[in-house]
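User: Could you take one buried spot in this model and walk me outward from it through the packing around it? I'd like the cut-offs spelled out as you go.

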Amino acid sequence: AIAVPLSSRTRNGVVDDMVELAASTGWLWDPQKMAEAIRSRESLHPTAIDTGVALLHPRRPLANIIAEPFLALGVTASGIPFGAERGGLTSIFFLILATTDREHLRMLARLSRLVSDANFLTALRAATSAQEAHELIEQREQSL
């Protein structure tokens, strides 16, 4: 589930659009419940990091509304204020959808390694299609 570009222009728009993107796979059965859970998690502490990436997720996995664990990715054309600690803008959004705490932690750890490479993030922001973004992720995965 990849949207390049993601057309969102606001924080709430990102949450709604990322959840709808995930729901378009057929693996997320209750987008409204997921959106509420993500907003609740974001209100505790924003998931945006200073590299311009946000790792959206509910506080606890919602196994009863997800068919299987998966990720969604959205890349906006310009940055959005999303609560990064130093006030920077966020343009890359991953949505982590796990069915167990263990899956969630593994996905979060793997993503953290992926997004620690500034060159990878630059290339991802420059991607012009979902296919190109997917290929970049596969290449980065192989290098880990």
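Analyst: Let's start at arginine 140, which has its place in helix H5. Helices here are DSSP runs of H or I with at least four residues, strands are E runs of at least two, and both are numbered from the N terminus. Before going further: this is a predicted model, where local features need pLDDT of at least 70 and side-chain atom pairs count only at pLDDT 80 or more, while totals for chains, interfaces and linings use all residues. Residues are numbered from 1 along each chain as its sequence is written, and side-chain values use heavy atoms, with hydrogens and water left out.

Arginine 140 counts as buried because its relative accessibility is 13% (buried is under 20% relative accessible area, exposed is over 50%, partly exposed is in between, with a 1.4 Å probe and protein chains only). Setting aside residues up to four places away in sequence, arginine 140 touches Arg113, Leu114, Ser116, Asp117 and Phe120, where contact means heavy atoms within 4.5 Å.

Take H3 to begin with. The axes of H3 and H5 come within 10 Å and cross at roughly 95 degrees, so H3 runs roughly perpendicular to H5. The axes are lines fitted to C-alpha atoms, for helices over the stretch in contact, with angles from 0 to 180 degrees between N-to-C directions. Under 35 degrees counts as roughly parallel, over 145 as roughly antiparallel, 65 to 115 as roughly perpendicular, and the rest as oblique. On the H3 side the meeting residues are Arg110, Arg113 and Leu114; on the H5 side they are Ile137, Arg140 and Glu141. Sorted by class, that contact has two nonpolar, no polar and four charged residues. For the classes, Ala, Val, Leu, Ile, Met, Phe, Trp, Tyr, Cys and Pro are nonpolar, Asp, Glu, Lys and Arg are charged, and the others, Gly among them, are polar.

Now H4. Its axis and that of H5 come within 9 Å and cross at roughly 165 degrees, so the pair is roughly antiparallel. H4 contributes Phe120, Ala123, Leu124 and Ala126, and H5 contributes Glu132, Ala133, Leu136, Ile137 and Arg140. That gives seven nonpolar, no polar and two charged residues.

What does H4 keep inside? Within H4 (residues 118-126), Phe120, Leu121 and Leu124 are buried. They sit on the same side of H4 because they cover an arc of only 100 degrees around the axis, taken from the directions between the helix axis and the C-beta atoms. The background is simple: an α-helix has 3.6 residues a turn, so residues three or four places apart point the same way. Turned away from that buried side is a face with exposed Ala118, Asn119, Thr122 and Ala126. The cover over the buried residues of H4 includes strands E3 (53-56), E4 (70-81) and E5 (89-97), plus helices H3 (101-114) and H5 (130-143).

Threonine 51, in the loop between strand E2 (48-49) and E3, is in contact with Val115, Leu121 and Arg125 once neighbours within four places in sequence are left out. Threonine 51 has a relative accessible area of 39%, so it is partly exposed. From threonine 51 to glycine 88 is 37 residues in sequence, but 8.1 Å in space, C-alpha to C-alpha. Glycine 88 belongs to the loop between E4 and E5 and is partly exposed as well, because its relative accessible area is 32%.

One last stop, in E4, which is part of the cover of H4. Isoleucine 80 lies in that strand and is buried, given a relative accessible area of 2%. Beyond neighbours within four places, isoleucine 80 is in contact with Ser8, Arg9, Thr10, Arg11, Val14, Leu89, Thr90 and Phe93.
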